[in-house]
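Please look over the sequence and model shown here before reading the briefing that follows, which is arranged by topic.

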Amino acid sequence: MPLTVDDVDRFELSRPRLAAIAYRLLGSADEAEDVVQETFLRWQATDVDRVEVPEAWLTKVLTNLCLNQLTSARARRETYVGQWLPEPLLAGDPMLGPADTAEQRESVSYAVLTLMERLSPNERAVYVLREAFGYPHREIAEILAITEAASQQIFHRAKKHVAYGKARAAIDDAAARRIVEEFLAAATSGQTDELVRLLTKDAVSIGDGGGKIPARTKAFEGAVAVAKFMWGMFKPAEAKRAIVGGSPEIYAWTANGEPAVVAVVEGRVVAIMCLEVTAEGITACRTQANPDKLERATEQWAAASHGEPLLVM
């Protein structure tokens, strides 16, 4: 039976929420869009008049599609070249979803998306549905075909895996810009001591080039090692320009709710570095340079008003 206009409208009203759930579960906007579209095809193929609660039905279908995707993604990532990092989303991207509570903002931060890679598919699903979208354990249990008690246990276990003892600082756009400006000033000063002062002692730097852009396969660890690497990274060089196809313009921005350094070449986003900030300082610099994971960011960048760059390399 073909869908009516009302049936299609009902799905479209749910699409933003479904996309935000899928992105948190998969760490990929492209894969999230595919799963949402597959959910629509399942909606199109079912007898919607027999669906009592459309939102619950759609969420269950989407979540289970994501679980299947996560299982296969784990196998693919075993052969991934170098470090694997999620796809970052620039401020204003609707796929970031709700940001009304601290839990919702935290659940989509680049730091937490990276840490969620430690979780099993079921742990990730329970954590996202509960922490970011406030689903009661009774509904989560129905979605995942587990008991309510099991959902509660999985949630507590997932929270322990994601938390690691350092409280991440709440950052607004103005504070994010100040942090990035100070970070860039230190990184380009030639004095690594200035950058070491901004970093925590156990700071790390991780990059994802996907085998297409040079990126170290092992993270830099410790404030001094990270500072030296950043000094080299932001030092202009013809070889670097050749890799990205021009002179990168460097902007201060926000991605996934974290201060971010955005590098742009002729309107194309070529790298996004997310800075994880705690009360002690910058504790992680995570750089996404895989061009396959920056296509959506480039689209969002083209639609944004971003002013003049802080520097051109």
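**Loop residues with positive phi**

Asn 256 counts as buried, at 0% relative accessibility, where buried means under 20% relative accessible area, exposed means over 50% and partly exposed lies in between, with a 1.4 Å probe and protein chains only. This is a predicted model, in which local features need pLDDT of at least 70 and side-chain atom pairs count only at pLDDT 80 or more, while totals for chains, interfaces and linings use all residues. Residues are numbered from 1 along each chain as its sequence is written, and side-chain values use heavy atoms, with hydrogens and water left out.

- Asn 256 is found in the loop between β3 (249-255) and β4 (258-265), and has a positive phi of about 55° although it is not a glycine; helices (H or I, at least four residues) and strands (E, at least two) are DSSP runs numbered from the N terminus.
- Most residues other than glycine have a negative phi.
- Glu 266, in the loop between β4 and β5 (268-278), also is not a glycine and has a positive phi, of about 50°, but Glu 266 is exposed, with a relative accessible area of 78%.

**Annotated regions**

- UniProt lists residues 14-74 in an unreviewed entry as "domain: RNA polymerase sigma-70 region"; UniProt positions are given in the numbering used here, feature names are shortened, and annotations may be inferred rather than shown by experiment.
- Over residues 14-74 the chain is 84% helix and 0% strand, with the end C-alpha atoms 28 Å apart.
- For residues 111-161, the unreviewed UniProt entry gives "domain: RNA polymerase sigma factor 70 region 4 type"; this span is 76% helix and 0% strand, and its end C-alpha atoms lie 13 Å apart.

**Helix α8 and its surroundings**

- Helix α8 (residues 148-162) has 15 residues and reaches 21 Å from its first C-alpha to its last, close to the 21 Å expected at 1.5 Å a residue, the expected span being 1.5 Å times one less than the number of residues.
- Ser 151, Ile 154, Phe 155, Ala 158 and Val 162 are the buried residues of α8; seen down the helix axis they fall within an arc of 105°, so they line one face of α8, the arc being that of the directions from the axis to the C-beta atoms.
- Exposed residues Gln 153, His 156 and Lys 160 are carried on the face of α8 turned away from its buried side, while the cover over the buried residues includes α5 (110-115), α6 (121-132) and α7 (137-144).

**Nonpolar cores**

- In the largest nonpolar core, which has 49 residues, Ile 21, Tyr 23, Trp 43, Leu 62, Met 116 and Tyr 127 touch the most other members; such a core is a set of buried Ala, Val, Leu, Ile, Met, Phe, Trp, Tyr and Cys residues joined through side-chain atoms within 4.5 Å.
- At least two residues of this core come from each of α1 (5-26), α2 (29-45), α3 (54-77), α5, α6, α7 and α8, and α1 supplies the largest share, 9 residues.
- Another core, of 31 residues, lies apart from it and includes Ala 186, Leu 199, Phe 220 and Phe 234.

**Cysteines**

- The count comes to 0 disulfides, a disulfide being a pair of cysteine sulfur atoms within 2.5 Å.
- Cys 274 is buried at 1% relative accessibility, and its sulfur is 10 Å from the closest cysteine sulfur, in Cys 285, too far for a bond.
- Cys 66 is also buried, with a relative accessible area of 0%.

Methods:
Contact = heavy atoms within 4.5 Å.
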